[in-house]
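Here is a friendly walk through one model, from its charged pairs to its sheet and its cores. Have the coordinates open as you read.

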Amino acid sequence: MTQDLAHVPLGIMFHRFVSEGRSSQQGSLTAQGLRRIVASLPSRALIAPEEWIERQTTGRLGGHRCLTFDDGLKRQVEFALPVLIDLGIPAFWFIP
């Protein structure tokens with residue numbers, strides 16, 4: 001993370017997932033790729049959705065990060081959810 005973004009709150013959105021070794025669509029990610037992204041985040045920057053909302057409404061969001069999963073895709077549950085459970089990381093899930 002660059003110094004320019006260190007104090008900017010960011011939601012990191014994920015959409016499409018594929019299994020390891022499969023050809024992927026542009027922008028898709030594997031479970032291992034998700035693990036690498038999460039590992040690259042500063043440990044105190046990633047916060048739960050409830051804390052994100054509370055901090056946002058009280059003006060104390062700062063440079064925190066949250067994870068979001070959009071459109072309720074089956075592969076998000078199949079590939080991303082086990083990683084999040086394993087790492088104990090909650091996320092926003094936006095279901096249309």
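## Salt bridges

Glu-51 and Arg-55 form a salt bridge, with their closest N and O atoms 2.7 Å apart; the term stands for a side-chain nitrogen of Lys or Arg within 4 Å of a carboxyl oxygen of Asp or Glu. This is a predicted model, in which local features need pLDDT of at least 70 and side-chain atom pairs count only at pLDDT 80 or more, while totals for chains, interfaces and linings use all residues. Residues are numbered from 1 along each chain as its sequence is written, and side-chain values use heavy atoms, with hydrogens and water left out.

Both Glu-51 and Arg-55 sit in helix α2 (residues 49-57), 4 residues apart, about one turn of the helix. Helices (H or I, at least four residues) and strands (E, at least two) are DSSP runs, numbered from the N terminus. A search of the whole structure finds 3 salt bridges, and the table sets them out.

| Pair | N to O distance |
|---|---|
| Glu-51 and Arg-55 | 2.7 Å |
| Glu-54 and Arg-60 | 2.7 Å |
| Arg-35 and Asp-86 | 2.9 Å |

The pair of Arg-35 in helix α1 and Asp-86 in helix α3 links distant parts of the chain, 51 residues apart. How open are these side chains to solvent? Here buried means under 20% relative accessible area, exposed over 50%, and partly exposed in between (1.4 Å probe, protein chains only). Asp-86 is exposed at 52%, whereas Arg-35 is partly exposed at 26%.

Three strands make an open sheet with parallel pairing in the order β1-β2-β3; two strands pair if DSSP finds at least two bridges between them. β1 and β3 (92-94) are the edge strands, each with a single partner, so one side of each has no neighbour in the sheet. From one strand to the next, the twist averages 30°. β2 and β3 pair over 3 bridges, and Thr-68 has Phe-92 in β3 as its bridge partner.

Helix α3 packs on this sheet, touching β1, β2 and β3, and its direction makes about 155° with that of β2. Contact means heavy atoms within 4.5 Å; axes are lines fitted to C-alpha atoms, for helices over the stretch in contact, and angles run from 0 to 180 degrees between N-to-C directions.

## Inside the fold

The largest nonpolar core has 17 residues, and among those touching the most other members are Phe-14, Phe-17 and Phe-69. Such a core is a set of buried Ala, Val, Leu, Ile, Met, Phe, Trp, Tyr and Cys residues joined through side-chain atoms within 4.5 Å. Its largest share, 4 residues, comes from α3. A second, separate core of 5 residues includes Ile-47 and Trp-52.

Most residues other than glycine have a negative phi. Asp-71 has a positive phi of about 80° although it is not a glycine. Asp-71 belongs to the loop between β2 (65-70) and α3 (74-87), and counts as partly exposed at 39% relative accessibility.
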